[in-house]
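Please open the structure in your viewer and keep the selection panel at hand. The stops below say what to select next and what is there.

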Amino acid sequence: MELTGLSFIGAQRGQTGGAVFHGINPATGAALEPPYHSAAPEEAADAAGLAAAAFPGFSRTAPKQRAAFLRSIAANIEALGQTLTDRVMAESGLPEGRVKGETGRTCGQLRMFAALTRH
């Protein structure tokens with residue numbers, strides 16, 4: 001997935017009207033591309049409204065569905081592979097081994113929670 005610097009508001013991308021900022025490489029001080037655009041207040045309100053509307057249906061999903069959802073999040077994180085690792089290294093200054101360790105820990109925790117959710 002290509003970074004665009006725009007928020008997701010439901011299934012749509014946000015606009016470019018908000019404040020603009022860049023990630024900064026801590027090793028060099030260089031601004032990273034792309035620029036990020038803050039969500040406008042209306043976009044934040046729309047996102048909150050969509051989340052509130054999704055809650056009743058999601059709260060009634062079966063534990064197996066919730067577990068599958070958590071496992072799919074972990075799989076999607078892992079699918080980003082080296083692209084995610086490189087970006088995290090550029091934004092954080094952490095070494096590759098640490099980034100991969102943190103990614104593995106996060107995905108492991110999602111899967112552990114999925115296993116607990118199934119029961």
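How many aromatic pairs does the count come to? The count comes to two aromatic pairs, where rings of Phe, Tyr and Trp (its six-membered ring) pair if their centres lie within 6.5 Å, and planes under 30 degrees apart count as stacked, over 60 as edge-to-face and the rest as tilted. This is a predicted model, in which local features need pLDDT of at least 70 and side-chain atom pairs count only at pLDDT 80 or more, while totals for chains, interfaces and linings use all residues. Residues are numbered from 1 along each chain as its sequence is written, and side-chain values use heavy atoms, with hydrogens and water left out.

Select Phe-21 and Tyr-36, a stacked pair with 5.8 Å centre to centre and 25° between the planes. The pair links distant parts of the chain, 15 residues apart, with Phe-21 in strand S3 (residues 20-21) and Tyr-36 in strand S4 (residues 36-37); helices (H or I, at least four residues) and strands (E, at least two) are DSSP runs, numbered from the N terminus. Phe-21 is partly exposed, at a relative accessible area of 44%, on a scale where buried means under 20%, exposed over 50% and partly exposed in between (1.4 Å probe, protein chains only).

Next, select Phe-58 and Phe-69, an edge-to-face pair with 5.6 Å centre to centre and 65° between the planes. Phe-58 belongs to helix H1 (residues 41-59) and Phe-69 to helix H2 (residues 63-92), eleven residues apart. Phe-58 is partly exposed, with a relative accessible area of 39%, and Phe-69 also counts as partly exposed, at 43%.

Now select Ala-67, Leu-70, Ala-74, Cys-107, Leu-110 and Ala-114, the six residues of the largest nonpolar core, meaning a set of buried Ala, Val, Leu, Ile, Met, Phe, Trp, Tyr and Cys residues joined through side-chain atoms within 4.5 Å. H2 and helix H3 (96-118) each supply at least two residues of this core. Leaving aside neighbours within four places in sequence, Cys-107 is in contact (heavy atoms within 4.5 Å) with Ala-74, Ile-77 and Glu-78.

Finish at Glu-43, which is found in helix H1. With neighbours within four places in sequence again left aside, Glu-43 is in contact with Ile-9, Gly-14, Gln-15 and Ser-38.
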